[in-house]
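The sequence and the structure are shown first.

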Amino acid sequence: MEIKSLDAEIIPLEVQEYIRKLERENLELKERLDLLLYKRFVRSAEQLLAEEKQPPLFIETEDETAGVPEKESDTAVQKVRSYSRKRPGRKPIDENLPRVDRIVDISEEEKRCACGSQMVRIGEEVSEKLQIIPPKIYVERIIRPKYACRACEGTEDEGKPAVRIAPVEPAIIPRSIVTPSLLSYIIIQKYEDHLPYYRQEKQFERIGVHLSRQDMSNWQQQAWEKLHPLAELMKKTVKTGPVMQMDETTVQVMGEEGREDTQKSYMWLARGGPPGKPVILYEYHETRAAHHAREFLEGFSGYLQTDGYDGYDRAVKERTDIIHVGCFAHARRKFFEASKVTKKAGSAEEGIKHIRKLYMLEEELRGQNLESAAF
């Protein structure tokens, strides 16, 4: 609402300024409401604007545009990368999988023609079906023969034991039935396929193997203790590169000592290391406090890329050897949300277009397989 010049003589300046303030606040609140409604009822996927996704539906032909003077455009020409459309239908089965041929043939009687001649094979039709065999478990019996001398019973060779046997092979968990294959299978099922131990316990029971969930949990803990030096090495290596990316996400831990099951915990993620040899490391912490990032970043120098969480700003506030940079994916999200609620034409859309150009440039450079020193 604009205040007319006549009103300026009647309404005091303080009141005019207060009205303008209320108008700005009203506009801001309306945009916030529109954004909340958009997030609540519209798909969360960030789609390109309609005019960016497809050309105009009604394109003039050459005859219709003949004689029309060309207009000078104030927009730069932009190249749009080509894309391949997915073919509908079932994807072919991986060629690297082994094949077993099974011939489904007609009987010998049907191979003889009514004229009395023997029919010959002129071709074939091939179809593929996927077969699967459930996990096969077997017990490996490790036999270590014992040797002794019946003649002297070991008296002639006192430097060696009278009964000789091969030493026990080293194992990641001594005096247990665990093998590397069993341990890796259990841990992959737990952390890659998100299959808890009580379900794995039922799976093993169906094939006649009794492994308690408590045993599997104990084996996991012992495996971690053995792999702890490797984790420390990864933590050092992730800090050796020029760039590190960090993020954190919520997890819920049940039965944690001194904490409620409903409390939020956090899994912190770091990705870095030498160029071409990235290291990805996860670390669990009970909170999202900035001091966790500060402690983790000790010994690192270079570029730190994160989202907009201000805890990272506080973590590197006093560090002059770390340059904190943001993420264009998160920045683009704000432009995209603004384009859906703001009434100002062009501002948010222009930001999205500029970011898309940077994405295309990045993809082009990545396709050239350039070394890091070339950037």
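This is a predicted model: local features need pLDDT of at least 70, side-chain atom pairs count only at pLDDT 80 or more; totals for chains, interfaces and linings use all residues.

Which residues does glutamine 203 touch, not counting residues up to four places away in sequence? Glutamine 203 touches Tyr185, Gln189 and Leu195, where contact means heavy atoms within 4.5 Å. Residues are numbered from 1 along each chain as its sequence is written, and side-chain values use heavy atoms, with hydrogens and water left out.

The protein chain contains 11 helices and 7 strands; helices (H or I, at least four residues) and strands (E, at least two) are DSSP runs, numbered from the N terminus. Of its 375 residues, 18% count as buried, a term that means under 20% relative accessible area, with exposed meaning over 50% and partly exposed lying in between (1.4 Å probe, protein chains only). The accessible surface of the protein chain comes to about 32,100 Å², and carbon and sulfur atoms account for 55% of that surface; these areas come from the Shrake-Rupley method with a 1.4 Å probe, and for residues only the protein chains shown count as cover. Among the contacts in the protein chain with a separation of 6 or more, 45% involve residues 24 or more positions apart.

Glutamine 203 belongs to helix α6 (residues 197–206) and, with a relative accessibility of 29%, counts as partly exposed. Helix α6 also holds glutamate 201, which counts as buried at 13% relative accessibility. Leaving aside residues up to four places away in sequence, glutamate 201 touches Leu211, Ser212, Arg213 and Met216.

Two packed helices are described by the angle between their axes and the distance between the axes. The axes of helix α5 (residues 180–191) and helix α7 (residues 213–237) come within 11 Å and cross at roughly 100°; axes are lines fitted to C-alpha atoms, for helices over the stretch in contact, and angles run from 0 to 180 degrees between N-to-C directions. The two helices α5 and α7 are therefore roughly perpendicular to each other, on a scale where angles under 35 degrees count as roughly parallel, over 145 as roughly antiparallel, 65 to 115 as roughly perpendicular and the rest as oblique.

Glu31, Asp34, Leu35, Tyr38 and Lys39 of α2 meet Phe336, Glu337, Lys340 and Val341 of α10. The residues of this contact comprise 4 nonpolar, no polar and 5 charged.

The strands β5-β4-β3-β6-β7, in that order, make up an open sheet of 5 strands with mixed pairing; two strands pair if DSSP finds at least two bridges between them. Strands β5 (279–285) and β7 (322–325) stand at the edges, each with a single partner strand, so one side of each is left without a neighbour in the sheet. On average, neighbouring strands of this sheet are turned by 25° against each other, direction ignored. Strand β4 (residues 265–272) runs antiparallel to β5 and is joined to it by 7 bridges; tryptophan 268 has glutamate 283 in β5 as its bridge partner. Strand β3 (residues 243–251) and strand β6 (residues 302–305) run parallel, joined by 3 bridges, and methionine 244 is partnered by leucine 304 in β6. Strands β6 and β7 pair in the parallel sense over 4 bridges, with valine 325 in β7 as the bridge partner of glutamine 305.

Arginine 175, in the loop between β2 (164–165) and α5, has a positive phi of about 55° although it is not a glycine, and is exposed with a relative accessible area of 86%. Histidine 194, in the loop between α5 and α6, likewise has a positive phi of about 55° without being a glycine; at 62% relative accessibility, histidine 194 counts as exposed.

Note on methods. Ala, Val, Leu, Ile, Met, Phe, Trp, Tyr, Cys and Pro count as nonpolar, Asp, Glu, Lys and Arg as charged, and the others, Gly among them, as polar.
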